[in-house]
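Dear colleague,

Please find the structure below, handed over for your further use. My notes on it follow directly after.

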Amino acid sequence: MLPFITKIINASLRQKRLPDTQKHAIVTPLLKKPGLDVNDMANYRWISNLTFLSKVIERIIAQQLNDYLAANNLLTGKQSAYKRFHSTETTMLQVLSDTLMSADAQKVTLLSLLDLSAAFDCVDHPLLLLRLQHNFGLTGQVLQWLTSLLSRTQQIVHAGLLSAMHSVFFGVPQGSVLGPLLFNLYTADIHLLVAAHGLVLHHYADDCQIYITTPVNETSSAVDRLTRCLNDVNAWLNASRLRLNSEKTQILWLGSKHLVSDIAVTHVPVLASSLIVAESACDLGVVIDSCLTMADHVSAICRSGYFQLRQLHPVARSLTADVAKTIVHAFIACRLDYCNSLLHGITDSLFWQLQSVQNAAAHLI
C-alpha cells in the first residue's frame, strides 16, 4: 500500500489542503483523574481520535516543520514538550538544577506552577496562523495547508451514542500529531514576557514553571516582581484567548531547610486571589517539597507501588513468569524509573524505601 499512501500525501501537499475525509475526529471524553465528578465537564480531557492516514500525513509535515524550525533556530529552549531528546524529565532537571545552585549560593527560589484551563481547546485559529506567518516565516503553500488542517469537524461519542457533526472553530486536537507542535508555536512568545521581568520560565506544553531566585532578606521584593510578572502573563494569555486558572496555580519557596524556615512571606497575591505558599506540590508528576529532599516524592512512589502490588498479588499464582515480569514492569518499574535522575543524592533511608518496593516486586515474580 506504500505507493498509494505516498501518492495521497504528495497530492495533499500539491493541492495545499488536507482531504475533508481526513479532518473529521471522533472525540472521546476521558476523566482526568479517577473519582472526579462525572457530571462536571471541566473534569474531562477531550481526546480526538483521527484517521490513521491523517496521522501519517501530519507526521510527514511535523518532521519537515521541526527540521525547518531547528535549522533556523526558531525553537525556544524553554519548551520541552514534543521535542526530540526532551521530556518532562528535562524540564524538571532544569528547574531543580537552578534551584539547587541557588541554594548552594545561600539563596531561595520562589516557584509558581501555573495551570491553564483547557489550553489546547482554546487556541484561536486566525491568531495562530498570524503568529505562524510573522514569527516563524510560514507563508504560501505551507500556510495554506495548515489553514486547511485547522478547518475540522468532530463528533462526540459517549455511552455508545454519537453526537451530531459540528465544525471546529477553536483549538487544536490533543490526539493529533501536529496539534501539540502548533500549540507550542502559538505560546512561544510567553518566555520573552517572563524574561523581561527578570524571571525564568520553563514549560512542558501548557504546564508552566515560572521562578525567581533571591536572597532571604529580599523575599518581599521577589514576591512583588512575581506578582507583576503573573499579571502581565495573564494579560498576554487573555489576549491569546487562553485563561489562567488561579485557583489551581501553586506557589512554593524552595531552598535549604534553614533558609526556607526564615521566610516570613506565607501568602502571594496572584491576580484577584491570595495564594498560600505550599509545603509541597506535584509538578509534572514529581512531588517537590520546599526543602528539596524528595521525601514526599519517594513516599508517593512507594504508596503507589505497594498499592499496585496488592492488586496484583491475588492473580500472581495464575501468571507465568514472563507475564508476571511484563506486568511488574508496566505497573511498578515504570513508577520507579519515571524522572529517576531527580533522585540523585537522596538519603540512604529514602533509597532503601524505593529498594524495598523493587524487592517486593521481584518477590512477587
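I begin with the overall dimensions. For 365 residues, a compact globule would have a radius of gyration near 21 Å, and the chain, at 23 Å, agrees with that expectation. Along the principal axes, the C-alpha trace spans about 65 × 60 × 45 Å. Please note that this is a predicted model. The mean pLDDT of the chain is 89, and 100% of the residues reach 70 or more. Among the elements, helix α4 (residues 125-136) has the highest mean pLDDT, at 94, while strand β2 (residues 44-49) has the lowest, at 83.

As to composition, the chain contains 12 helices and 13 strands. Of its 365 residues, 45% count as buried. Taking the contacts with a separation of 6 or more, 72% of them are between residues 24 or more positions apart.

Helix α6 deserves a separate paragraph. This helix covers residues 178-186 and is mostly covered, with 9 of its 9 residues buried. The buried residues run from Leu-178, Gly-179 and Pro-180 through Leu-181, Leu-182 and Phe-183 to Asn-184, Leu-185 and Tyr-186. Their cover includes α2 (52-71), α4, α5 (140-150) and α8.

Two histidines may be set side by side. His-203 is placed in strand β7 (residues 200-204), whereas His-344 is placed in the loop between α11 (321-337) and α12 (348-364). Neighbours within four places in sequence left aside, His-203 is in contact with Lys-78, Gln-79, Ser-80 and Ala-81, with Thr-91, with Thr-187 and Ile-190, and with Cys-208 and Gln-209.

Finally, I draw your attention to two backbone angles. Most residues other than glycine have a negative phi. Arg-241, although not a glycine, has a positive phi of about 65°. Arg-241 is found in the loop between α8 (219-239) and β9 (250-254). With a relative accessible area of 48%, which falls between the 20% and 50% limits, Arg-241 is partly exposed. Cys-339 is likewise a residue other than glycine with a positive phi, here near 50°. Cys-339 lies in the loop between α11 and α12, the loop that is also the place of His-344.

With kind regards

Notes
Residues numbered from 1 in each chain as written. Predicted model: local features only at pLDDT ≥ 70, side-chain atom pairs only at ≥ 80, totals over all residues. Heavy atoms only, no water. pLDDT = per-residue confidence, 0-100. Helix = DSSP H or I, 4+ residues; strand = E, 2+ residues; numbered from the N terminus. Contact = heavy atoms within 4.5 Å. Rg over C-alpha atoms; globule rule 2.2 N^0.38 Å. Buried < 20%, exposed > 50% of the residue type's maximum accessible area, 1.4 Å probe, protein only.
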